[in-house]
Amino acid sequence: QDAAKRLRDLDRDGYAIGGLAVGEPTEDMYAMIEVVNDILPQNKPRYLMGVGTPWNILEGIERGVDMFDCVMPTRNGRNGMIFTQNGVMNLRNKKWEDDFSPLDPNGASFVDTLYSKAYVHHLVVCKEMLAAQIASLHNIAFYLWLVGEARKHIKAGDFKAWKDETVRRITTRL
């Protein structure tokens, strides 16, 4: 609290919140975001450093965070994991081997309907670099879609209900 108060008194253009994604329980991170955001000026942007699951981002937005950065969309993509509106897919899993449906029929990127789950699964298993590229493109587009939707629901005044339902869906393991 003291550090946040000292930073507030410096009257900067914006504020970074860091050191909260280094192994502590998620609920502790959320609690600290609330403490800090209650102190920092509401009219200045707040940036949460290195936090990046889609659900962490939505929870951060609910608590007043404006900006985020994280390697998760691309790092997870390079390892065959993609985030979708219906949950998290591990494309290494054999269950995708014969699934020729689009990678993500509701996706926001051209790769989502251009490639099938079976094809990307094959690329992942063969350690083909194209798999990492496809999954990374998908994940980045998903994150951009997610924060765009969050903005729409904030403006519509129904962010909390939308966020709760979205977190429920996107945390499912497919």
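A polar contact is a pair of N or O atoms within 3.5 Å; within protein, one must be able to donate a hydrogen and the other to accept it. Keep that cut-off in mind for the last stops. The model on screen is predicted.

**Whole chain.** Show the protein as a cartoon. Eight helices and five strands make up its secondary structure. Trace the elements from the N terminus: they run α-β-α-β-α-β-α-β-β-α-α-α-α. Now switch to C-alpha atoms. Along the principal axes, they fill a box of roughly 60 × 35 × 25 Å.

**Surface and interior.** Of the 174 residues, 44% are buried. Next, colour the charges. There are 22 positive and 23 negative ones, and their mean positions lie 2 Å apart.

**Contacts along the chain.** Take the contacts with a separation of 6 or more. Residues 24 or more positions apart account for 59% of them.

**Helix H7.** Select residues 129-156, which form helix H7. Within helix H7, pick Asn-139. Is Asn-139 buried or exposed? Asn-139 has a relative accessible area of 0%, so it counts as buried, the cut-off being under 20%.

**Around Asn-139.** Display its neighbours, leaving out residues up to four places away in sequence. Asn-139 touches Pro-73, Asn-76, Gly-77, Met-81, Ile-82 and Phe-83. Which backbone oxygen does the side chain of Asn-139 reach? Draw a distance to Met-81: the side chain of Asn-139 reaches the backbone oxygen of Met-81 at 3.0 Å.

Definitions and conventions: Residues numbered from 1 in each chain as written. Predicted model: local features only at pLDDT ≥ 70, side-chain atom pairs only at ≥ 80, totals over all residues. Heavy atoms only, no water. Helix = DSSP H or I, 4+ residues; strand = E, 2+ residues; numbered from the N terminus. Buried < 20%, exposed > 50% of the residue type's maximum accessible area, 1.4 Å probe, protein only. Contact = heavy atoms within 4.5 Å. Lys, Arg positive; Asp, Glu negative; His and termini not counted. Charge placed at Lys NZ, Arg CZ, Asp CG, Glu CD.
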